[in-house]
Amino acid sequence: MLRLLMVTLCLSSGSSGSAQARSISPLDGLEALRKGFSGINDFTAEITQEKRLKLMKRSMVMTGTVRFRKPDQFYMEINPPYAARMSLRDTVIEQSSGREGEKNRIILPPDQGLKQWFSKLAAPVKTLPDGAVIQADLTSGLYTLAIAPQGKSQIRELTIAFQEDGTVRRLTITEQNGDRATMTFKKVRRNVGLSEKDFRLD
């Protein structure tokens, strides 16, 4: 689902006295995400994205902003020198990049749309979703979910780190070809009243 967006990462401490991750059941991890996100209608955040392509020996580091509004809108803007903008509404991605603002449009399969993903979190999670292997852990109040889609998928694994209140801190997307993008969220503002105009490319 996320060549589109890509969404959250956590902070870790390397000191010898740091808290150890505690494995929890995937159901508990998914239910924690559902509960936390149930109180969020929209959010904005500043991001730092580190992208490592398998064929490159070094990473590209980018900064920018993201916006999200339930049930299916997402917007990301990357600052120069990698200036680009992307808007997602459910299964439709629109991108604008380069000095000329060249636009591109991508239609995702119905089962990879935002609305489909969030519909799975509309009610208490009592069974694991089909088609994915899920692992979860909890460290000092920070949940981490690692989701590995099965079958034909561009994504090998999606890892999301979030707080109990649903605030996303880190998102890592690893693609089948080995490319990896890690997005760290900071200055997250929840329920700010975003509107339709906040998700337009024009």
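Helices (H or I, at least four residues) and strands (E, at least two) are DSSP runs, numbered from the N terminus. The structure is a predicted model, in which local features need pLDDT of at least 70 and side-chain atom pairs count only at pLDDT 80 or more, while totals for chains, interfaces and linings use all residues. Residues are numbered from 1 along each chain as its sequence is written, and side-chain values use heavy atoms, with hydrogens and water left out.

**Exercise 1. Locate the cis peptide bonds and state which loops hold Pro 71 and Pro 81.**

Step 1. Lys 70 and Pro 71 are joined by a cis peptide bond with an omega of about 5 degrees. Pro 71 belongs to the loop between β3 and β4 (73-78).

Step 2. Pro 80 and Pro 81 are likewise joined by a cis peptide bond, here with an omega of about 10 degrees. Pro 81 is found in the loop between β4 and β5 (84-89).

**Exercise 2. Describe the sheet and the helix that packs on it.**

Step 1. Strands of a sheet pair through backbone hydrogen bonds, either parallel or antiparallel. Two strands are taken to pair if DSSP finds at least two bridges between them.

Step 2. The open sheet has twelve strands in the order β1-β8-β9-β10-β11-β12-β2-β3-β4-β5-β6-β7, with antiparallel pairing. Its edge strands, β1 (22-24) and β7 (102-107), each pair on one side only.

Step 3. Angles run from 0 to 180 degrees between N-to-C directions, and axes are lines fitted to C-alpha atoms, for helices over the stretch in contact. With direction ignored, neighbouring strands of the sheet are turned by 20 degrees against each other on average.

Step 4. Helix α1 (residues 26-38) packs on the sheet and touches β1, β2, β3 (60-69), β8 (132-139), β9, β10 and β11, where contact means heavy atoms within 4.5 Å. The direction of α1 makes about 115 degrees with that of β9.

**Exercise 3. Follow the pairing from β9 through β10 to β11.**

Step 1. β9 (residues 142-149) and β10 (residues 155-163) pair in the antiparallel sense over six bridges, with Leu 145 opposite Ile 160. Five residues separate the two strands of this hairpin, and Gly 151 in the turn has a positive phi of about 80 degrees.

Step 2. Seven antiparallel bridges link β10 to β11 (residues 168-175), and Leu 158 stands opposite Ile 173. This hairpin has four residues between its strands, and Gly 166 takes a positive phi near 90 degrees.

**Exercise 4. Examine strand β12.**

Step 1. β2 (residues 42-52) and β12 (residues 180-190) run antiparallel and are joined by nine bridges. Across this pair, Thr 44 stands opposite Arg 189.

Step 2. Lys 187 lies in β12. Its phi is near 50 degrees, a positive value in a residue other than glycine.
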